[in-house]
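The sequence and structure come first.

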Amino acid sequence: MRKFVIRRLIHLIPLLIGVSLISFFVMHLAPGDPTQLFTDPNVKPEELARIRANWGLDKPIIMQYLFWLKNAVRGDFGIAYMINRPVTEVIFGRLPATLLLMISSMLLTLLITIPLGVLSAIKKNTWFDNFITVFSFIGMSIPSFWLALMLMLMFSVNLGWFPAVGMYNPLLKNPDFVQRFFDVAWHMVLPLLTMTLVSLAGLTRYQRAAMLEILNQDFIRTARAKGLSERVVLFKHALRNALIPIITILGLSLPDLFGGAFIIETIFAWPGMGRLGVMAIFSRNYPLIMGIVVLSAVLIVLGNLLADIGYALVDPRIRYAKK
Amino acid sequence: MVIILLLSGCSAEKEPAQRRPIVLPKLSQADPEGRLILPLGGEPSILNPILSSDSASSAVEGTIFSGMVRINEKLEVVPDLAKKWDVSADGLVWTFHLRKNVKWHDGHPFTAEDVKFTFDAILNPKVNSVRRGDYIIDGTPIRFEAVDKYTLRAILPKPFAPFLVQSGMSVIPKHILEGKDINTAEFNRKPIGTGPFRFKEWMSGDHVTVVRNDNYYLGKPHLAEVVFKTIPDANSRLVALKTGEVDESDIPPKDYESIWKVPGLNIFEYDALVYTYFGFNLKNPLFTDVKVRRALAHATDKNQLISLVLKGLGRIAHCPMSPVSWAYSEGVAKYDYDLKEAKRLLKEAGWEPGDNGILVKEGMKFEFTVLVNQGNKEREKAAIILQQQWEKIGVKMNIRVMEWSAMLKIVDSPKDPKDFDAVIIGWSLGVDPDARSIWHSDQYPRGLNFIGYDNPEVDRLLELGRTTMQKSKRKEIYADMNRIISYDQPYIFLWYPRSVVAVRDRVGGLLTEPGPTGPFLYIEDIFVTK
Amino acid sequence: MKRFKRNKLAMIGSTIVGALVIFAIFAPLLAPYDPSRIVDSDTLPPSIWHPFGTDDLGRDVFSRALYGARISLTVGLVAVTIAITIGTFFGLFAGYFGGLLDSAVMRFVDVMLAFPSIFLILTIQVMLTPNIYNVMIVIGLTSWMGVARLVRGEVLTIKERQYVEAARAIGADDYRIIFKHILPNSSAPIIVAATLGMAGAILTESALSFLGLGVQPPTPSWGNMLMDAQAYLIDAPWMAIIPGLLILVTVLSLYFVGEGLRQALSPKEEIK
């Protein structure tokens, strides 16, 4: 087991180099550069050229990349343009908000999806199953931003139950942990709901299909034939195996969570990394973009790794096969 | 959900809402511990006035820092940190007499040394300040001297009228930043200024909070706290206004009617210092003939544009200066909507209708592409409308919506001729009417004169306008200049938009008839009730 | 094939998709107005003259929806074709030849998968001018990875089958084996992936247009119609509901078709 994990972690290195290399070059191929965003009519072009030189943008691209790489391996991702703070500081400032939303969303999704999918499979072709099926399909087809706007309209404007924007109530005076907790939780409801509903639908479908497949398999029939009660069959044997695909899919959907998070973060003004990333791309903030891409890659691979570990824990076959 | 939406859609009546007058609370009702929440359209990049160039950062800096002078609602320069100032007879030496007993937020006394330090920092090539060019006149930097603790002298290489406005640059503290690398100083996240509010906290991506500076030299501000919330999406800002999560929001034209129906708001309207225009690339053979440009101006139904795009919230523009500026004058060439005249001019210029109605001249079709930046719905709509308006005279215009950075790259590139045919874009004007960087021929191809305008008389007037100190004389100079430019029509001037701002009625201290700076003039005068 | 016909949902799905395709192809004949023409000075709710109402500029939404169908469906089709082609090639060769090639390809797939796809798409889109061709290519270039893995898996299984061994025994060369034997037999999951991929591509196009980096106005696509509608959610909800509903119905139908195909083509679920 340990060797498995270590091997995967080692694979991370060439992966990161590949990711960073591709990002760097693609980024620099984009027309325009960061100095062009100083749009004040009174800014003279010599000033822009000077600033460009200060940022090292006049050196050849390969040199810029190697320079970046040299610092990156020591954990120094440089200074973000315009913001003038270390990239790591900027990103870590926004990371908690994104992680909070994503992890909550994943947990909530799992909590709802597994029972729904499993039940759907067990009660195949009943009205419950059909209802869930229709609901899943609809959910998979809704554009997330549309859902976000609808939810905001309904729950914030019309009903006034939840705040529409932001993560904190800035007027809260010196809140203690509990107050702060509820403050953030209240602000998180709408974005969380949007993210979860969107991923819920597809995953429920998947869980159902996976459960169905397991139920058809030989070892289940054997267990039934042995006379074990239906409950034991379901929970002891089927369920454990049905969890496998869901964990894989969850792992695979991490990159999309980052992406979808951006749209939701913009609409709900949630101070996360998604918004930061897109702003960085639009403003050609190269150091920031590189930092975010590398960090996302790391998180995604780690997520997959965790998924694989979870996989191994749940399926004894894999665990023993690795020995 | 769809049903709810349809129901709410149907309930929106089509009769115009009643216009209420503005009712502001009285100062006697002010809450001494009042808090104001303002929205920002973007996250501030950095809280250092000499480094930042985005409006979000400026909005926050405006409460924390102050400069020697500031602007009032009539766009006049009034004293701030400087009590008075004078200029030598030859216009080269400016002397500012500063207030005594002003303290920085950390208690340290403010002196002329801080002002000198600020300008020296801006002029320092190692500091990434975009303002540097403002203080260099024809290649020579302005020299700043702290004559004594409360007197600052600026020595200019030649008389320069815009300097007064530029002297209002926010001052940064010498005792904190001296000897440090200003670009990356910790100060930029935890600023200290001399303004009416002190920095309290910055929750990255979410909000910035400033609190009252009890020792503010112009008197204790009424508000205890001001919060700036970052809300990038325009609709979300409106929603936040309705739910009470912010106290103010700009209102785009499409929401103008419906905002009057929302209770608890005061609606302010005013003219800002901006104009939107259609810019010709003057090096493009299609547009070199002034007759063609005038023809297209005549073929533009500006009234239709304003009514469709701005829902009537704007005025027709004829020249590169806004009517709210003191330098504005009538007496410029105006091109009324006249299709016959347009066709006549085009014929005179040698253009004849070819097959499918498109004009042709010497085998060249009158077809081109206009660039519009993505994200600005108004300019997009203007392009679509112009496309259809100009079809009537046989001009085929294609529209290309481009991402802002990519568009800037083309428009600002040092190539000659540049790779675009035309743009629809706007200018946000400075308080001083000097617009040399936009119109002077040496500002092409590097500079803001990206259309390639070259008129020696205008060049001369631009120079004269800057070096003449007397306002009345400057006004005459600019009147001449604007007349010439309007005859040349290097742009088709489209409109001056009318700004609409909605503020919750708990906010007082606002201007009932705002100038171009809006209903919030000085933050220390603002208060809230309850 | 019969199994497919028996699946009610799949049949409904195919009918809808078929109808949409016909509408799209015949849009110029069916649209009552030119989609870019301003036909009214106001934004009108649905009525007899304008079955879907008019938009913020006064253009007929029904006509725009028809032309938008062309764009969205074409983008979906071409993007998924690109993705399938690339993915299948990679998967086939990696699976068949194995060894170093396999490792290299799979590493590359891992790298591509580690990118948050939205960032990659965005970066590429700001690099090129967003237009319909770039959108199709970009979506295709960033969604082939799943297909590659799928195909590779199939190839690994099929490789060991008897008819392949037989073909090799006769002395058929590799390419023949790959294209004449392995590919046709692994086509089932590819077709399913194609349907699902098309649905995904349509959703991605709408998200890109929402950001302003998809098909550019004034050319209508369901995605950029949603972007325009965003600001009018309360005042003119039909502007958002129509394209949203169209996307939903199209994607839904494609899912049904895909599901139906999967059930029809896979032998396993038949046994119960």
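## Two loop residues with positive phi

B:E362 sits in the loop that runs between β18 (359-361) and β19 (364-365) of chain B; strands here are DSSP runs of E with at least two residues, helices are runs of H or I with at least four residues, and both are numbered from the N terminus. The phi of B:E362 is near 50 degrees, which is positive although the residue is not glycine. B:E362 counts as exposed because 7 other C-beta atoms lie within 10 Å. The cut-offs are 20 or more other C-beta atoms within 10 Å of the residue's own for buried, 12 or fewer for exposed, and partly exposed in between, with C-beta atoms placed from the backbone.

B:L75, in the loop between β2 (69-71) and β3 (77-79) of chain B, is another non-glycine residue with positive phi, about 65 degrees. B:L75 is classed as partly exposed because it has 19 C-beta neighbours inside 10 Å.

## Basis of the model

The model is predicted: local features need pLDDT of at least 70 and side-chain atom pairs count only at pLDDT 80 or more, while totals for chains, interfaces and linings use all residues. Residues are numbered from 1 along each chain as its sequence is written, and chains are lettered from A and ligands numbered from 1 in the order in which they are written.

## The sheet in chain B

In chain B, 4 strands make up an open sheet with mixed pairing, in the order β1-β12-β11-β10; two strands pair if DSSP finds at least two bridges between them. At the edges are β1 (35-40) and β10 (197-203) of chain B, each of which pairs on one side only. From one strand to the next the twist averages 20 degrees, with axes taken as lines fitted to C-alpha atoms (for helices, over the stretch in contact) and angles running from 0 to 180 degrees between N-to-C directions.

β1(B) pairs with β12(B) in the parallel sense over 6 bridges, and B:L40 stands opposite B:T230 in β12(B). Of the 6 residues in β1(B), 5 are buried. Strands β11 (residues 207-212) and β12 (residues 225-230) of chain B are antiparallel, joined over 5 bridges; B:T209 has B:V227 in β12(B) as its bridge partner.

## A:W146 and its surroundings

A:W146 belongs to helix α6 (residues 144-158) of chain A. A:W146 is buried because 24 other C-beta atoms lie within 10 Å. Apart from neighbours within four places in sequence, A:W146 is in contact with C:L226, C:A240 and C:G244; contact means that the C-beta atoms, placed from the backbone, lie within 7 Å. A:W146 and A:I264 are 118 residues apart in sequence, with a C-alpha to C-alpha distance of 9.9 Å.

Technical notes. Contact = placed C-beta atoms within 7 Å.
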